[in-house]
Amino acid sequence: MNPEMRRVVSEAEAAARRGWSDADVAALAASTLNLRVDEPELQRILSLPIADHGFREEVFTTDPAFHASVFGLRAGETIPLHDHPELDVITKVLRGRIRVQTFEWIDATSLTARECGEVVIGDADDALVLRKSPGTLHVVTAIEATAFLDLFAPYYDDVMRPCRYYKVAGSAAGRLRASRRDGGVPSASGDIADGNMEGIQLRVVSWEEARSCPAPLTKP
Ligand SMILES: [Fe+2]
């Protein structure tokens, strides 16, 4: 971790421990803008062993209140559709480029969500900020070899805030694809109008199933 990254992580940790505010989140996200790693550092991160959760992650600090780490994804690797229950997450690309497909809950109890489009972010872009509310899910795919910093407050735990993986249930995906074929019009935010109205039915899957076919939707 270089000194600038150390400073940002320390500030984030201090803010998290006092219960970070909206202003804290905005300031922290802004403070990550110039964070980068060079090519040798990217290659070092990509040579890390795969952790139990299936990815290369260098953890700087972790406990139930705060977690900071760097993930390394090789080109084409995907973190399947997953949620962030009651978590705020700041993600800053340090080198490379990722595609992020985002959903948000309409009703988490019934696993109904809406598609919110996708963005491609690289190291020159602002951090991606996911807030507790309304509760977001996403798929992260590396377009090229990528390292990114993740700041969580609080962090996942197995009981209160478990990380779950999801897939689009077949019938809902069929309805969404049908709405696209029938002329569903993307809104400015990238939503598909008919699918957005109808919602998308998700189901919880095991990590093994999530990994077997990570993309939740086939692009038209
Ligand atoms: Fe995530």
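1. Axes are lines fitted to C-alpha atoms, for helices over the stretch in contact, and angles run from 0 to 180 degrees between N-to-C directions. This is a predicted model, in which local features need pLDDT of at least 70 and side-chain atom pairs count only at pLDDT 80 or more, while totals for chains, interfaces and linings use all residues. Residues are numbered from 1 along each chain as its sequence is written.

2. On confidence, the protein chain has a mean pLDDT (the predictor's confidence in each residue, from 0 to 100) of 84, and 83% of its residues reach 70 or more. Confidence is highest in helix α3 (residues 39–46), at a mean of 97, and lowest in helix α5 (residues 193–198), at 46. Over residues 178–197 pLDDT stays under 50. Where pLDDT is low, the predicted coordinates should not be read in detail.

3. The protein chain holds six helices and 11 strands, helices (H or I, at least four residues) and strands (E, at least two) being DSSP runs numbered from the N terminus. Of its 220 residues, 34% count as buried, that is, with 20 or more other C-beta atoms, placed from the backbone, within 10 Å of their own.

4. Helix α1 (residues 3–17) packs with helix α2 (residues 22–31) at an angle of about 170°, their axes lying 10 Å apart. The two helices are therefore roughly antiparallel to each other, a term for angles over 145 degrees. In contact (C-beta atoms, placed from the backbone, within 7 Å) are Val 8, Glu 11, Ala 12 and Ala 15 of α1 with Asp 24, Leu 28 and Ser 31 of α2. By class, this contact of α1 with α2 has four nonpolar, one polar and two charged residues, where Ala, Val, Leu, Ile, Met, Phe, Trp, Tyr, Cys and Pro count as nonpolar, Asp, Glu, Lys and Arg as charged, and the others, Gly among them, as polar.

5. An open sheet is formed by five strands in the order β1-β2-β9-β4-β7, with antiparallel pairing; two strands pair if DSSP finds at least two bridges between them. At the edges stand β1 (56–63) and β7 (128–130), each with a single partner strand, so one side of each is left without a neighbour in the sheet. Within the sheet, strand β4 (residues 88–95) and strand β9 (residues 146–153) run antiparallel and are joined by seven bridges, and Arg 95 stands opposite Ala 147 in β9.

6. Helix α1 packs on the sheet, where it touches β1, β2 (66–73) and β9, its direction making about 140° with that of β2. Helix α2 lies across β4, β7 and β9 and runs at about 5° to β4.

Methods
Two residues are in contact if their C-beta atoms, placed from the backbone, lie within 7 Å. Angles under 35 degrees count as roughly parallel, over 145 as roughly antiparallel, 65 to 115 as roughly perpendicular and the rest as oblique. A residue is buried if 20 or more other C-beta atoms lie within 10 Å of its own, exposed if 12 or fewer, and partly exposed in between; C-beta atoms are placed from the backbone.
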